[in-house]
Amino acid sequence: MSDYKRAFFEKYAAAAMEEQRRYGIPASVTLAQMAVESGYGESNLAKQDNNYFGIKASKEWIKSGKPWSYHHDDHYNDKFCTFGSALESLEYHSKVLMADRYKACRQYAPTDHLHWIEGIKKGGYATDPNYVASIEAVIRKYGLEKYDQMALTGARQQPFAASVQQGRYSFPLSCDATNGSLTVTSPFGHRQAPKAGASTNHMGLDIRANYTPVLATEDNGVVLSAKNEGKGGNVIRVEYARADGSKYQTAYMHLSQMDVKEGDRVSAGQPIGVSGNTGNSTGPHLHFSVKKVTPDGHAEQIDPSVYLAEIAVRGGINAKVMYGSNDLLAAHKAAVNIQETPYQDNHDMMLAELTQSYDPKDWLAYLMAGDSMPSISNSADPMGALIGSVFSGLLLMVSQLDQELAQAEPLKKTDVVFRERDTPMADYNQVLQSSSAYFEAGMQQDVEREQTVSIK
């Protein structure tokens, strides 16, 4: 690489990467366009007017009184914008590419420079039929794609605010460094559509996020999907099951990158992707939505502020979620009953953490596998102690049964939690029925014993 070309790319790389973080435009594309259209900063337009992208002055630009000058291009004495600095030219270039005619570009990741160039050409940015090939050639020749990765890595390595994660709960983003909170630009509910095709019934929160990591909000989450969904761009959906049979499904839309796949398990605070500007979006942000599914299967989109208020209370998270001067969580926190947890008791919590599931069937499967379980502490009240002792006996019975079967024949390796056996004694339904019968018999014996004591 010639020294002056190397110096040119090094001089403007940081600014191009910042534009990528803010708008999602690959830094490599910005740098290559800037180099080609300004002759590496040597054109008269670049030297005299700080116009590094050949941006012509529109009627609105001229009418507003902004500076412009004549230069020869497609026609003699075409009118071009005059900028105060090269950085001002870079910023204006990014805003130009946010116009609707380039919206197809925003479905692509900030590392997909070829599709971005093709979208820019298709949107009418340049008349040169070889424009795509010429810009792509510069990127590949000088290895400019490294700046795309550097910008993305820099965004993902931004430190998390400690206040957004505590224990088993987390907010979906780290806090803004400027105000220590999450900033909502469009709340849940009816709104005026920000652009054509956008919904007026907004089913989520738009949260300010310039290519920053997005985080799982609870432990034991399961990724339902991670794919492009058209208007939503790149979308990750995660489900969290609760002990009462209900479920919460969170969705992260307009992502620039997805770091998980369908079926993955995630924990609170785990980075699962990077916010972005894909799909039908006016700029980089996170659209965060929440669906609640009741035990009977009824699903409903809820205000994410209600869900985040619960997360904040249960996790002791002190960060705010601000829309203007209002904390959207304040009105909902008082309604959260902190006595109601996703776990019924400490034993349930232990089982959920060991099996990474809230489903009692998975717990039974885990016990049937023969893994040792800590003992259950007796409750302070007699009925709790009674149930605890019976359940402890049940676990012992299942464990002993499994050990006997294991000695009787070799185990078969499978990919599922249950072990395959030829004997009908290991049939799931039979074990469940036997467990129920054992529980009822134990309850009856204890009741009769209590009645005998009472008569005396």
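**Close-up views of a predicted model**

View 1. The model shown here, as in every view below, is a predicted one. With a disulfide taken as a pair of cysteine sulfur atoms within 2.5 Å, the count for this model comes to zero.

**View 2. The packing of helix H1 against helix H2.** Helix H1, which covers residues 3-23, packs on helix H2, residues 27-38, with the two axes 8 Å apart and at an angle of about 135°. Because angles over 145 degrees would be needed for a roughly antiparallel pair, H1 and H2 are classed as oblique to each other. The crossing by which H1 passes H2 is right-handed. On the H1 side the contact is made by Phe-8, Phe-9, Tyr-12, Ala-13, Ala-16, Met-17 and Gln-20, while H2 contributes Ala-27, Thr-30, Leu-31, Met-34, Ala-35 and Ser-38.

**View 3. The packing of helix H6 against helix H7.** The axes of helix H6 (residues 113-122) and helix H7 (residues 131-142) cross at roughly 150° and come within 9 Å. This angle makes H6 roughly antiparallel to H7, and the crossing of the two helices is right-handed. From H6, the residues His-113, Leu-114, Ile-117, Glu-118 and Lys-121 take part in the contact, and they meet Tyr-131, Val-132, Ile-135, Glu-136, Ile-139 and Arg-140 of H7.

**View 4. An open sheet of three strands.** The strands of this sheet follow the order S9-S15-S13, and their pairing is antiparallel. Strand S9 (213-215) and strand S13 (257-258) are the edge strands, each of them pairing on one side only. Strand S15, made up of residues 271-274, pairs with S13 in the antiparallel sense over two bridges. Within this pairing, Gly-273 in S15 is the bridge partner of Met-258.

**View 5. The whole chain as the setting for the close-ups.** The chain contains 14 helices and 19 strands, and 45% of its 456 residues count as buried. When contacts between residues at least 6 apart in sequence are considered, 60% of them join residues that are at least 24 apart.

Technical notes:
Residues numbered from 1 in each chain as written. Predicted model: local features only at pLDDT ≥ 70, side-chain atom pairs only at ≥ 80, totals over all residues. Heavy atoms only, no water. Pairing = 2+ DSSP bridges. Helix = DSSP H or I, 4+ residues; strand = E, 2+ residues; numbered from the N terminus. Axes fitted to C-alpha atoms, helices over the stretch in contact; angles between N-to-C directions. Parallel < 35°, antiparallel > 145°, perpendicular 65-115°, else oblique. Left-handed = near helix turned anticlockwise from the far one by under 90°. Contact = heavy atoms within 4.5 Å. Buried < 20%, exposed > 50% of the residue type's maximum accessible area, 1.4 Å probe, protein only.
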